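Please open the structure in your viewer and keep the selection panel at hand. The stops below say what to select next and what is found there.

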Amino acid sequence: MRVAWAALFLTMSLLMARPVSAYLKFGSSVNGQVVTVKWSGFPVRYFVNDRGGPGVGANALADAVGRAFGTWEAVPSAAIRYQFGGFTAAMPGDDDGRTTIGFLAAPELERVLASTSLLIDDVTGELLEADIFFNSAFPWSTSAGGESGRFDVETIALHEIGHLNGLGHSAIGETEVSGSGRSVIAAEAAMFPLAFGPGNVLHRSLRPDDIAGVSDLYPVAGFEDASGSISGRVTKNGTGLFGAHVVAFNPATGALIGNFALTPDGDFSIAGLTPGPHVLRIEPLDDADVDSFFEVTAPLDVDFRVSFHDKVVVAPRGGDSGSIVVRVQPK
Amino acid sequence: MSASLRRFARRWQRTVIGTAAVLLTGATVDAQTGGERFEVGAGMRFVGPEPLGRVDANETNPGGGAFRLFTAESTLDSLLGVEARLGVRVSSALHLEATGSYGSSDLKVKLSADAENAAAITATERISQYTVEGAAVIELTRWHVGAHGTPFIAAGAGYVRALHEDRILVDEGALWHAGGGVNLMLRANPDGRLGMVGIRLDARALFQRGVVSDGVHASPAFGVSAFVRF
């Protein structure tokens with residue numbers, strides 16, 4: 001049985017809550033079990049709406065989107081492949097079994113630049129369709145160097161294609177309060193939920209967190225043997241802590257890759273790591289829009305201090321660190 | 001040679017010989033060796049801390065510059081280990097040696113300057129190292145340190161294998177070293193069969209690659225060992 005599961009990811013909003021660091025895979029509940037949402041067959045065939053959008057013709061849209069797909073395809077440790085199927089009169093959001101990309105007017109979504117909706121087989125978790133729309137209420141550009149006052153289609157497409165792949169929001173980045181919302185002061189993941197701003201093209205490339213995520217979802221042969229993972233529990237006062245961010249930093253490469261403690265026991269796992277020593281940084285989701293990252297299934301504890309784990313943790317080649325316990329202190 | 005330099009040289013000779021007297025007792029013999037061809041030795045080795053470098057955990061700011069989340073400064077701490085070696089003399093001055101060693105040290109990563117005020121700490125991990133190396137040793141037989149010491153220079157290369165804590169990851173790398181020291185001949189033919197007994201003091205510049213880091217890192221190393229020549 002196929003069920004449409006509309007997942008509206010409020011991506012690239014300039015006013016969203018403060019994000020945190022992690023790559024996150026989408027999961028879908030099947031018979032009480034959470035299965036990873038992903039494509040089962042390649043290439044993933046996509047179509048581009050033939051109307052284009054404000055300031056962007058259909059061909060320019062297809063070219064920009066094609067470059068963003070190419071960036072994901074170029075990850076050497078990921079096996080996912082895409083194929084441009086051509087132009088279509090269908091609109092993104094139509095449940096027609098076709099992955100469609102185009103512009104839609106959604107002025108009521110005043111903070112949403114673009115969005116991805118997924119159609120999932122609720123028996124297998126297999127992705128069947130993923131439509132991406134760019135909000136034509138905003139000014140857009142496909143200029144090679146970006147265009148002042150206009151959002152870059154390729155940059156935003158790169159983020160949305162991450163969702164199309166099955167990745168949730170990452171948040172290796174920092175924001176600050178700005179007026180009634182927040183603005184980005186730094187980010188280090190294409191899957192960070194907030195855009196830098198119009199004219200900026202810095203996030204046309206993937207970062208280690210994005211690469212680890214897509215490689216974990218669609219590993220090439222040998223990747224799992226060549227990479228490692230770190231897993232464990234975050235605890236406070238001896239009990240598990242739900243929702244904490246755990247970020248693994250590799251001092252040899254400078255890579256930041258993370259995940260959340262996603263169970264009431266505070267369990268976390270970070271896969272796709274370069275084998276070797278890592279240090280762990282733990283931080284609370286103290287002012288984030290938690291729903292933009294994951295479904296809240298337990299009370300979220302944000303009353304703890306940002307801290308480092310006092311042990312260097314090794315991600316072994318082809319294996320897991322073994323369950324480690326990371327203790328945090330109340331504020 | 002100036003008078004002060006001569007005084008310094010004499011003081012240094014006394015220090016070396018004094019150290020030898022503490023380590024081994026018994027009669028000392030002249031530094032001149034006999035016809036012994038092989039040497040077996042064992043002792044201790046100290047390797048100084050190896051700075052692995054400082055890396056910032058950076059994010060990208062909207063202008064394309066770096067936003068530092070925190071700083072990580074890594075050091076492979078000093079190592080105290082044991083070693084054993086087998087040598088063969090191929091000429092009056094040249095020896096070839098094979099050495100194996102074991103030791104352990106701590107990888108220390110100092111984490112500081114956090115953008116969200118996380119307390120600075122030093123995260124640690126225990127690392128065990130095994131080495132197998134070969135070296136060429138040239139005894140400077142024209143020179144003497146006191147009556148019983150023969151200085152030497154040495155250079156070598158080898159393989160290093162490091163086991164991370166809980167033995168869940170192995171690093172394999174290479175090492176190179178160059179340095180010198182002194183062989184102090186302490187006793188000749190102690191049991192009627194062995195030719196010479198002595199101790200070796202040495203210092204070297206050690207370069208390693210592949211342990212924790214892919215870069216080449218240098219550290220000082222010092223050794224003291226007892227040997228028998230036969």
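Select chain B, in which buried residues make up 33% of the 230 residues; a residue is called buried if 20 or more other C-beta atoms lie within 10 Å of its own, exposed if 12 or fewer, and partly exposed in between, with C-beta atoms placed from the backbone. This is a predicted model, in which local features need pLDDT of at least 70 and side-chain atom pairs count only at pLDDT 80 or more, while totals for chains, interfaces and linings use all residues. Residues are numbered from 1 along each chain as its sequence is written, and chains are lettered from A and ligands numbered from 1 in the order in which they are written.

Helices (H or I, at least four residues) and strands (E, at least two) are DSSP runs, numbered from the N terminus. Of the contacts in chain B between residues at least 6 apart in sequence, 64% join residues at least 24 apart, where contact requires C-beta atoms, placed from the backbone, within 7 Å.

Next, select residues 208–217 of chain A, which form helix 3; 10 of its 10 residues are buried, so this helix is largely enclosed by the rest of the structure. Its cover includes helix 1 (58–73), helix 2 (153–165), helix 4 (223–226), strand 16 (256–260) and strand 17 (267–273) of chain A.

Now turn to the largest nonpolar core, a set of 111 residues in which A:V65, A:V234, A:V246, A:A261, A:V279 and A:L280 have the most contacts. Such a core consists of buried Ala, Val, Leu, Ile, Met, Phe, Trp, Tyr and Cys residues joined through C-beta atoms within 7 Å. Helix 1 of chain A gives the most to this core, with 7 residues. Domain 1 (2–215) and domain 2 (227–328) of chain A both contribute residues, so the core lies between them; these bounds come from an automatic or database domain assignment.

Centre on A:V234, whose contacts beyond four places in sequence include A:L241, A:F268 and A:I282. A second, separate core of 9 residues includes B:V145, B:L186, B:M196 and B:V197.

Finally, show both chains: 36 residues of chain A are in contact with 32 residues of chain B. On the side of chain A that touches chain B, the largest share, 5 residues, comes from strand 18 of chain A.

Terms used: Two residues are in contact if their C-beta atoms, placed from the backbone, lie within 7 Å.
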